[in-house]
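Dear colleague,

I am passing on the structure below, followed by notes on what was found in it. Please read the notes with the coordinates open beside them.

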Amino acid sequence: MSTAAPAQIATAGFVRAARPSPLRGLRILLPFAALVAVWWMIKIGADLSDEVLVSPPRVWAAFTNLVAHGVLAEYASTSLWMIGFSALLSMLVGVPVGFAVGVNRYAARALEAFLRFLQGVSGIAWLPLAIIWFGFTHTTTLVVVIYTLIVPIIFNTMVGVRAIPESYVLALRSMGAGRLRLVTDVYLPGALPSIVVGFRLGMGYGWRALIAAEMLVRQGGLGDLIFGARTFNQIDRIIVGMIVIGCIYIIVDRLIVQPIENMTVARWGVLRK
Amino acid sequence: MTSAAIVHPSRAAHWQHAVWRMLPALPFLAVLLGWSLYWWAARPSAATLPPVGAVVQVIGELAGDGRLAQHMLASLWRLVLGAGLGIITGVVGGFLAGLYRPLAEFLNPLVVFFSALSGIIWLPLMIGWLGIGTALAVFLIWNTVFFIVFQNTVLGVQLVPELLEQGVSCLGAGRLEIIRSVILPGALPYVLTGIRSGLGFGWRALIAAELVGAPNGLGQMIFNAAEYHRSDIIIAGCIIIGTIAVTMDRWLLYPIERRTVQRWGLNADAEKEGM
């Protein structure tokens, strides 16, 4: 589990202890201002046509236009609904399955290699088959995204349960704890950090799988928005879509996933160190 | 006497050991069995679900006429190029940013933003700039691997305890010597973790990119097969994609990472819980 942990910390940003000060907002905005300046200079300096690169104001205009007509909200809500539904379903199914497999060492041994293999076949690789089975529909996208999310969740739940020292289980049992008590007092808190790691990894894979699937299925969603814009060389729309995709991912990760991770680690404190 | 007992274990123990060894094969066999039974009972059309035999046969055919090798080489070549570039730029950049804190603080917001954007999301924009082909796939893999390696390298460099640097410095080492003998090995486990998880994302990004953005490669092979409803080729492709990913991770990256953590890892108990 700790092999996954450094990457987890890293994706959470590598500058520790950001001091809360009025300058903080500036410190975040300054690099972006520099980036926009460079972009604008390239656009003007190299005299690129709008079919290659558009200027920042054009992107802003496209953004306001997409917002005003409700187009952006429609595409974004499709994507959010998809990822939200997939995440919920994957947790509801994946965690209990992971537990069931994890508490039995024979089941864990039997399924470990299989789950690793499934994790190797990325969800997007199943997309062509899903298209044959379900056509160009939302079902196809959902199947791909749920598959992508659920495998790391099952796997990490299983690993988390397996990693709990058996002496904890034996200690509680010798004090007369029943099966339910073991789950609530040992297995669940012990496996929770690992479950959250799996969920974050799944969301990282799943969000990208969703965008890729939307590009190919073309039934709405932000992937459809940016890939459709490609057909008409609407670079401004593509860049708006990319910025929105990035912002949504950061918001979901920072405001939902990361606080849960911090809470579990702080509350249960199973991570050693 | 006891040694004899170890050399010739009882039949029951031997049997138990064999079962334990064979357990990982069980789910694969169960899937094959379920698939065969379903096919035998429901007789779906070959376009929906081919029989197991057809998939084996198509792997043989693809391997026989060299098409499989061609697609695999195209994909692996892109992976090597993209991941190689991503690892080199990520490690070098990560060390610079890790050693020079103001640079890391300046870049942090950009890195957070662009790592959220990494991978397949660049495809529509980059198709216009790079066209369809190897350059596009290499860019997408580079983009995916770079940010993960970069972030982990910065973290690894920053997490090297200052005490160790001061210790070596007290013994008369200069800045370069400290970097070489303390920071480099100290950060290595993080760098390798970054490379390992970067390749996991990179391989996915590659397959996704090849679905539409390449003339050949495994991703193109399966996407092209969908147009002709050749689900036997798709399933064969998925099996090969999974096998390559598992092989890469288990037999190449995981052993390297484990050995590095054992040799240079700063927390002593890290290696025994590696997944």
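B:Met72 has its place in helix H5 (residues 67–99) of chain B, where helices (H or I, at least four residues) and strands (E, at least two) are DSSP runs, numbered from the N terminus. This is a predicted model, in which local features need pLDDT of at least 70 and side-chain atom pairs count only at pLDDT 80 or more, while totals for chains, interfaces and linings use all residues. Residues are numbered from 1 along each chain as its sequence is written, and chains are lettered from A and ligands numbered from 1 in the order in which they are written.

B:Met72 is partly exposed because 18 other C-beta atoms lie within 10 Å; by the rule used, a residue is buried if 20 or more other C-beta atoms lie within 10 Å of its own, exposed if 12 or fewer, and partly exposed in between, with C-beta atoms placed from the backbone. Between the C-alpha atoms of B:Met72 and B:Tyr190, which are 118 residues apart along the chain, the separation is 30 Å.

Chain B as a whole has 12 helices and 0 strands. Its radius of gyration is 24 Å, whereas a compact globule of 275 residues would have one near 19 Å (taken over C-alpha atoms, the globule rule being 2.2 Å times the number of residues to the power 0.38). The C-alpha atoms of chain B fill a box of roughly 75 × 75 × 30 Å along the principal axes, and 40% of the 275 residues of chain B count as buried.

Turning to the interface, 57 residues of chain A are in contact with 61 residues of chain B, contact meaning that the C-beta atoms of two residues, placed from the backbone, lie within 7 Å. The largest share of the side of chain A that touches chain B comes from H5(A), with 10 residues. By class, that side of chain A has 44 nonpolar, 8 polar and 5 charged residues (Ala, Val, Leu, Ile, Met, Phe, Trp, Tyr, Cys and Pro count as nonpolar, Asp, Glu, Lys and Arg as charged, and the others, Gly among them, as polar).

Within chain A, helix H4 (residues 71–102) and helix H10 (residues 222–231) pack at an angle of about 135°, their axes being 7 Å apart. H4(A) and H10(A) are therefore oblique to each other. In this contact, A:Tyr75, A:Ala76 and A:Ser79 of H4(A) meet A:Leu222, A:Asp224 and A:Leu225 of H10(A).

With best wishes

Technical notes. Axes are lines fitted to C-alpha atoms, for helices over the stretch in contact, and angles run from 0 to 180 degrees between N-to-C directions. Angles under 35 degrees count as roughly parallel, over 145 as roughly antiparallel, 65 to 115 as roughly perpendicular and the rest as oblique.
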